Amino acid sequence: MSAGTEWPLWEVFIRSQHGLAHRHVGSLHAPDAAMAIRNARDVYTRRNEGVSIWVARSADLHASSPDERDALFDPAQDKVYRHPTFFPMPDEVKHL
Amino acid sequence: MTGTGLPPASADALLFDYLLRLADSDIVLAQRLGEWVGKGPVLEEDIAQTNVGLDLLGQGRLWLAYAGEVEARYATRGRDENELAYFRDGSEYRNLLLVEQPNGSYADTLVRQFLYDAWHLRMLDALARSRDERIAAIAAKASKEVRYHVERSSGWVVRLGDGTDESHVRMQRALDALWMYTGELFAADASDDALVAAGIAADVTALREPWRQAVGDVLAEATLAMPSDGWMQGVHGRGGRQGVHSEHLGQLLAVMQSLPRAMPDARW
């Protein structure tokens, strides 16, 4: 915010009609959280995209650094035993 | 239509005129909001404001379509929604004076919207209980949209009224300037009375106190002063709903109607 003249940026998360989790859809500017939700409703749900909205100040999100990608994620690549693919699943068990 | 005690043709003519009154305020305000497209103070607001305008246009179309069907019952033919919107002159328009007022600054636009939304919602809730099923159905559908309009414009009135010194002054000035058009929202004439008695129209005189209460609550939160009722425009049977308009409507219609009038058969 430069001298209080710019509205802060908000990240918008929408839960779709069929989705269980909120998904990041984009960002927008708004003076406060209530207006951010209203703006998100008008900008991101015009075509019936959602049933629930979350917003969070972009400044409050903390992200992993791209530089650390190898250290963080490469070690998982050769550990197939972490995937639950070695167990026979009974047919009766749904939604796994 | 029954219940007015009038011959069917006269009663239908009355209903037709009433439907135009409902339609025209929506259409004229939608056109006003359309003037902001691409010029909103921020992108988000540009989109939000346009959404509201499109909601109103959609509602106006529903009222006009019904009006045309009613007209066909007593006239040689009923006009369709395009003909009613684009080929009536200003003196045939039946909208409230409030909605034809120019956009002014964004404060003027928001205050106009807030005053109208707060009335519009109560109007639709009353119309949803109309004995005319078509009116009740359109009103019930529209009130869902308008409930959001009220929330949005109220939110802005609070934020800008109780915002900076500059925004407060602008909002109060807009409120003071537009207040004289709010009397017409609650003024009923003889044709309103006949349709209210028949259980078809909404009794606007009963909406005044709830409206003042709701508007007063928002203004108090916004630290804005509710103006006192001075000279009110259009309340003595010679207002927008009787076809007597300010000069602003003619200019608005000239823009809105120029294309269909230049090319009557134009199609998308």
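## Contacts between the chains

Two residues are in contact when heavy atoms lie within 4.5 Å. In this predicted model, 13 residues of chain A are in contact with 13 residues of chain B.

The two chains bury about 1,200 Å² between them, and 55% of this area is on carbon and sulfur atoms; buried area is the accessible area (1.4 Å probe) that two parts lose on being put together, summed over both. A:Trp7, A:Arg38 and A:Asp42 supply 42% of the area that chain A buries against chain B, more than any other three residues. There are 2 salt bridges between chain A and chain B, a salt bridge being a side-chain nitrogen of Lys or Arg within 4 Å of a carboxyl oxygen of Asp or Glu. A:Arg38 meets B:Glu151 in a salt bridge, with 3.5 Å from N to O.

## The largest pocket

A pocket is found on a 1 Å grid over the protein atoms alone, as an open set of points where a 1.4 Å probe fits, with protein on both sides within 12 Å along at least five of seven lines; its lining residues have an atom within 4 Å of a point. The largest pocket holds about 940 Å³ of space, a volume being the space filled by probe spheres set on the points.

Its lining has 28 residues, and B:Asn82, B:Tyr86, B:Met256, B:Pro260 and B:Trp268 lie nearest the centre. In chain B, α1 (8-34), α2 (43-74), α3 (81-86) and α10 (247-262) each supply at least two lining residues; helices are DSSP runs (H or I, at least four residues), numbered from the N terminus. The largest share, 6 residues, comes from α2(B). The lining divides into 17 nonpolar, 5 polar and 6 charged residues, where Ala, Val, Leu, Ile, Met, Phe, Trp, Tyr, Cys and Pro count as nonpolar, Asp, Glu, Lys and Arg as charged, and the others, Gly among them, as polar.

## The second largest pocket

The second largest pocket has a volume of about 530 Å³. Of its 21 lining residues, A:Trp7, B:Pro41, B:Trp156, B:Leu160 and B:Ser167 are closest to the centre. The largest share of this lining, 4 residues, comes from α7(B).

## Confidence and conventions

Chain B averages a pLDDT of 95, and 99% of the residues score at least 70; pLDDT is the predictor's confidence in each residue, from 0 to 100. The complex receives an ipTM of 0.71 and a pTM of 0.88 from the predictor.

Residues are numbered from 1 along each chain as its sequence is written, and chains are lettered from A in the order in which they are written. Local features need pLDDT of at least 70, side-chain atom pairs count only at pLDDT 80 or more, totals for chains, interfaces and linings use all residues, and side-chain values use heavy atoms, with hydrogens and water left out.
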